[in-house]
Amino acid sequence: MENVILEGGRGRFIGYLLALTMLIIFLLVFPQIASSYGIVLVTEVFIYAIFALSLNLLLGYAGLPSLGHSAFFGVSGYTIAILVTKGGMTNFWLCLLAALLVAAMLGFVFGFLAIRTFGIFFLMLTFALAQFVWAVIWSWRSLTQGDDGLPGIIRSGLVFPISIQSDINFYYFVLFFLALSMFLLYRICHSPFGYVLQGIRESETRMQVLGYHTWKYKYVSFILAGVFGGLAGSLKAYQDGFVSPLYANVFTSGMALLMCLTGGTRVFIGPAIGAVVIWLIRGIVSSYTENWSLVLGVIFIFVVMFARHGIGGYLIQLDRMINRARTKS
Amino acid sequence: MTPEKCILLLSMGVNGIALGMILFLLAAGFELMFGVMRIINMAHGSYFMVGAYVGIFVGKLSGIFGLGVLAGAVSVGVLGLIMERFFLRYLQDHLQQVFLTFGVVFILSDLTRMIWGGDPHGISTPALFAGSVEILGKPFPVYRLILIPVGLLVALGLWIFQAKTRLGAIVRAGVDDREMTGVIGINIKLLSTLVFGGGALLAGFGGMMASPIIAVVPGLDWEILTLGLVVVVVGGLGSLRGALVGSILIGLADTFGKFLFPEISIVLIFFILAVVLILKPSGMFGGG
Amino acid sequence: MMTQQEKRGWAMAVMLSIFLVLVIGGFSTVFAQAKPSPGTKGLIKIGWIGPLSGVGGEDGGRVLRGTKTAFEELKWEIAGRKIELLVEDSPMDPAVALAKLKKLYHDDKIDILIGPYSSASGLAIRDFYHTNKLLTVSPQAAVASLTQEKSSKYFFRTWNASGQIAPFEGWLLAKLGYRTVTFFAPDFAAGRDQVLGIKKAFEKFGGRVLQEVYFPMGRTMDFAPLLAKIDVETPDIVYVWAFGGDAVRFVKQYADYGYKKKVPLITGTAVADSFLPAQGDAALGVFMTYWYGHTLDTPENRRFKKLYVDVFGAEAAKLVTPYDEQGYLAGKIVVSGIQAVKGNVGDVDGMIQAIEKLDFEAPRGQFKFHQHNGVFNNYLWQVNRVEGRLLNTVLKAYGPIRQGWFEEGVEIAERPVPGK
């Protein structure tokens, strides 16, 4: 993985810092000038960015392609929904904690089963487990109301007096979580733990020969990815005010996968870029045509065929090209 | 256990096997692609669906069911040929292949809806096999019974191809070691394309054959893909025997599950899947 | 043939330009703010939300067609003001419905809303239209609470409230002389409500329910094991409530396994005209209750079908479905409201009062509102061969039927069949 920013020399560093500052200012100012639909759309982008980034911990860093990430999204979303609508719990933080705990438990159980496989078999197994979760959610009508979903999730119960009822406030709230998640995930990915994961991705046998208990690392990464995935699911439940079995559907997993691939799995922010691109495409294209699935499919194929490293890969190439030009002149 | 109950259960058994045959037609092509070429084709359900759409269209237009079957199978076969020749061939990484076929699912799902609309499409059972026979006093549709020998014939054909002819072994070798087979002088590329096309053809064939029973409607691609994946994973990826046994097992499980516990029959299927995967991740007959 | 370098260069260029286009396109979407429609001059903006993609997209498209026809009739102009219809696709997802409504209201500044389609979406947007005093006419959104506990003076529904038609079906079954019934319905809230509603009335009028069989909606390929329950305990008649793929499969397999010869089949949905081409002869002779069908011979329906030929061409008018009709109805109702206030859509109370008093001939027959919910006739149909194709034809007519008739003990009268 390229750590271009910190290792590239001072000029580069200042350039990126400037860009980052402008982005931050833009994100902070955005809701004041955007349309209400735009605010909702971008808040969803943030949530999916968290989701895709969490998946990439497995896909990009550990080399474990999971088609079952939607299970965490769904299970956390439903935990929130059930606690709020049936349990009457209004404290946001308690609900979130519960949802993350449930996600961790799911990761604990599923991880144990899934870690024994790799590659295609891992893909199939995670798919199977996620489908099982979906089927349970769908069929357990007394708890989840099945296909009808659970409406009526209200955003309330923060410690400080600012309410998150309004879309604008919720936007900032989610942005905060995005920043927090990115910070934590970045630290994880660029820690010794993270480097071991990358080593496992390159060659598990080599790591084992070097003395690492690779299954432990894979297991922990699975649970961590699940917890962040659950965070995304919880936020989405509050965003929509409603959960449905779609949360746990394989389609949701597939979207996350697409976001990671499009944005680039080898760059840390790749999945976040992918989330922006894919979700924006969906939001914009759906206003013009009902056939946005077609557009998504074409992009998917294009990315897989011609842009293996996604947009992130190109940005790195661009960065290299610019710097080569600069050093030449 | 009253005699009526016995007859009912027996009839359910036959039903489960017939349903399993539909699943087998789907799983067979999938297994061909994986067993020989190590490709996991997520678009296989979509192929099944396209075969039904095209087949019904031609069948109704011409009035000849057989023509519809031919059209459905061949059109999807061609689709498979194109996909392999122009797309899959250029991807070495199996994971990349999975992703690509995933994208195809999205495209085909919208394309079929654009061409044929959102209403369900169906076709009547061909006159030759219409009607029902009495099995122990209970009417049973002839067409479903016919599917059993059809499925078994397909199984036989595939078994001969993979075990008895050299073609299967050649393509397998080619997938494992391209350079070698190139050196020996076998046109591995052509063979790969043909095998993939063959698997697709089977899916299209299955879709059309199943259409008098299950019709075709948007969403069938995901519905049948899910069941199909359960079958191949339970049976064991890459095993023809596994595909056959798996389909029949799942067909029976679905039938008896619905008969005894209709509301949780779906959970039952995935529960079986999860259990098999936990006990033996490579499936019943799969080779790790 | 391009070199690897060139290919990569092109691919990168494409990717980055897509990215740029998106960013720019994204900007225009997220920053778009339409100008408000000023008082009595300028455009009247009417929002429309419903499913146009995914499940229900086909029928949603029909509803939209019907709605457009209502405005097309007046050449998109009322009281000297032009009408603009702003359409948003909300594919059966209540969160999307709410988001799109917010967009239509805050960004596009609509004056009136037609929609939503699904019950869940209706519940999701209820507080929004009520708080914002937005006149909302829904062509469907059956969940009863929207016109009962959660009713709002701003909301009207042209469809039946759930619990309105179901007891009628129960009453009808008893009236037609059936003593026992077995139900088949998909396992979700509306399906269970439907069965409950029929059961209440059927039992009250002397019937007995043998079994209630619920199946996973949209995921049942093989109904044979479920149908086998009919062998276990055979009823006088089988009632099925299903749509889409489920409906086609159920009816076909019902005939395949010989049940059609043994036990008559009746439904509230499963042999709708749009499913008949797929079902083929398996559907012949099956009964259905519904308030609209292509062959309904009311003078308004004849006019409506001719209108369709003019607007959409002969091909589209070959099959006019209840969805077309309910979209048209919703449009006409909105038109009446606007006409009553002479185009001054700021006078929401005025429009509401006018709509409440409506009593007119719709293609389905006489229509009016009772507690903001549609009151109309219902018919008993049977699938027959008409002019070479399969269609439902009317056997009997009943009505009018309104929300709450069953609880209040209102009598239902048999009426003359339109056109006979």
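Trainee: How many residues of chain B are in contact with how many residues of chain C?

Mentor: In this predicted model, 38 residues of chain B are in contact with 36 residues of chain C, and the two chains bury about 3000 Å² between them, with 55% of it on carbon and sulfur atoms.

Trainee: Why is the pair Asp231(C) and Lys138(B) called a salt bridge?

Mentor: The closest N and O atoms of Asp231(C) and Lys138(B) are 3.0 Å apart, and a salt bridge requires a side-chain nitrogen of Lys or Arg within 4 Å of a carboxyl oxygen of Asp or Glu, so the pair qualifies. The count between chain B and chain C is four salt bridges, and across this interface there are also 16 residue pairs in polar contact.

Trainee: Which elements of chain B each supply at least two residues of the side that touches chain C?

Mentor: They are helix H1 (3-37), strand S2 (138-141), helix H8 (188-214), helix H9 (220-235), helix H10 (240-260) and helix H11 (265-279). By residue type, that side of chain B divides into 19 nonpolar, eleven polar and eight charged.

Trainee: Turning to chain C, what makes Gly399(C) count as buried or exposed?

Mentor: Gly399(C), which is found in strand S15 (residues 389-401) of chain C, has a relative accessibility of 4%, and because buried means under 20%, Gly399(C) counts as buried.

Trainee: Which residues is Gly399(C) in contact with, leaving aside its neighbours within four places in sequence?

Mentor: Those residues are Asn377(C), Ile412(C), Ala413(C) and Arg415(C). As for Asn378(C), 21 residues apart from Gly399(C) along the chain, the C-alpha atoms of these two residues are separated by 6.1 Å.

Note on methods. Residues numbered from 1 in each chain as written. Chains lettered and ligands numbered in written order. Predicted model: local features only at pLDDT ≥ 70, side-chain atom pairs only at ≥ 80, totals over all residues. Heavy atoms only, no water. Contact = heavy atoms within 4.5 Å. Buried area = accessible area lost by both parts, 1.4 Å probe. Polar contact = N/O pair within 3.5 Å; in protein donor to acceptor, adjacent residues only side chain to side chain. Helix = DSSP H or I, 4+ residues; strand = E, 2+ residues; numbered from the N terminus. Nonpolar A, V, L, I, M, F, W, Y, C, P; charged D, E, K, R; others polar. Buried < 20%, exposed > 50% of the residue type's maximum accessible area, 1.4 Å probe, protein only.
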